[in-house]
Amino acid sequence: MIINYYLHLFMTDYFMYYLKKNNLHLLLCFIFIFNLSLTFANINNKISISQIKLENNQENIIIDLQQSSQLSPKIIELLERGIPIVFNLKIDLIKEEKYWFDKVIDQNNFVYQIKYFSLRKVFEVIDINGNKKIFEDEQEAIKNLLSDKEIIIKKYSHLNNTKLKIWVELDKKRLPKAIQADIFNKSWDAESNMIIFDMNKL
């Protein structure tokens, strides 16, 4: 009986210690996710496409896109932590159907991004063509990231009743897993205004 008592006491103390230790880990994990959520809850980031120009060059479409020239303070805060900030420039070619849902004929996704390397104290910008540039100055790097872009969609065949849909969105899949896990917070679903162009006018 005495042995059972001490064994029970030992097991109780052990499990209480284990529970407290793991609760601490869970608490720290929760605090980390909560802090990141607060960061994004205050983003209020408005990605903006200010102007586009389209030109039909034989079988290709040439798109000149102008974007807003700044990032929100909260996005910059994440950038300075070393988190890559990645944007997707999406372009869909859509066929309008009179008596049914519109049909997506072609989809294009162009990726551009910026990342800060704290050890080297430099910013790396990768454009939509995969070209890399290194900057020591943060503002110069951001200016280059958001500079005008020329996109070429090759082998375009004109079809009646088609339209081009263009927008930019923050790639949240490239953000830390802890942020992605907070599925109820939609504040980082940041995307631009959508440009819809009637291809019959081209």
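**Notes on the strands, rings and pocket**

1. Strand β7 shows a covered face, made of Lys 149, Ile 151 and Ile 153, and an uncovered face, made of Glu 150 and Ile 152. Strands here are DSSP runs of E with at least two residues, helices are runs of H or I with at least four, and both are numbered from the N terminus.

2. On provenance, this is a predicted model, in which local features need pLDDT of at least 70 and side-chain atom pairs count only at pLDDT 80 or more, whereas totals for chains, interfaces and linings use all residues. Residues are numbered from 1 along each chain as its sequence is written, and side-chain values use heavy atoms, with hydrogens and water left out.

3. The protein chain contains four helices and nine strands, and from the N terminus on its elements follow the order α-β-β-α-β-β-β-β-α-β-β-α-β. Of the 202 residues in the protein chain, 36% are buried, where buried means under 20% relative accessible area, exposed means over 50%, and partly exposed lies in between (1.4 Å probe, protein chains only).

4. Strand β7 belongs to an open sheet of three strands, ordered β1-β2-β7 with antiparallel pairing, two strands being paired if DSSP finds at least two bridges between them. The edges are taken by β1 (49-57) and β7, each of which has a single partner strand, so one side of each is left without a neighbour in the sheet. Neighbouring strands of this sheet are turned by 20 degrees against each other on average, direction ignored; the axes are lines fitted to C-alpha atoms, for helices over the stretch in contact, and angles run from 0 to 180 degrees between N-to-C directions.

5. Within that sheet, β1 is joined to β2 (residues 60-67) by eight bridges in the antiparallel sense, and Ile 49 stands opposite Gln 67 in β2. The antiparallel pairing of β2 with β7 runs over five bridges, with Asp 64 opposite Glu 150 in β7.

6. A second open sheet is formed by six strands in the order β6-β5-β4-β3-β8-β9, again with antiparallel pairing. Here β6 (132-135) and β9 (195-198) are at the edges with a single partner strand each, so one side of each has no neighbour in the sheet. The twist averages 15 degrees from one strand to the next.

7. Which strand of this sheet is largely enclosed by the rest of the structure? Strand β8 (residues 162-170) has eight of its nine residues buried, so it is largely enclosed. It pairs antiparallel with β3 over nine bridges, Asp 92 having Lys 165 in β8 as its bridge partner, and antiparallel with β9 over four bridges, where Lys 163 stands opposite Asp 198.

8. Five bridges join β4 to β5 in the antiparallel sense, and Tyr 116 is opposite Phe 123 in β5. The loop between these two strands, β4 and β5, holds Arg 120, which is exposed at a relative accessible area of 52%. The C-alpha atoms of Arg 120 and Glu 136 are 9.1 Å apart in space, while the two residues are 16 apart in sequence.

9. Three aromatic pairs are counted under the rule that rings of Phe, Tyr and Trp (its six-membered ring) pair if their centres lie within 6.5 Å, with planes under 30 degrees apart counted as stacked, over 60 as edge-to-face and the rest as tilted. The ring centres of Phe 87 and Tyr 112 are 5.6 Å apart and the planes are at 25 degrees, so this pair is stacked. The pair links distant parts of the chain, with Phe 87 in β3 (residues 85-95) and Tyr 112 in β4 (residues 103-117), 25 residues apart. Phe 87 is buried at a relative accessible area of 1%, and Tyr 112 is buried at 1% relative accessibility. For Trp 100 and Phe 101 the ring centres are 5.2 Å apart and the planes at 65 degrees, so that pair is edge-to-face; both Trp 100 and Phe 101 are exposed.

10. The largest pocket holds about 200 Å³ of space and is lined by 14 residues, of which Asp 127, Ile 128, Asn 144, Ser 147 and Asp 148 lie nearest its centre. A pocket is an open set of points on a 1 Å grid over the protein atoms alone, where a 1.4 Å probe fits, with protein on both sides within 12 Å along at least five of seven lines, and lining residues have an atom within 4 Å of a point. Grid points are joined across faces, edges and corners, and the volume is the space filled by probe spheres set on the points. At least two lining residues come from each of β5 (122-126), α3 (138-145) and β7 (149-153).
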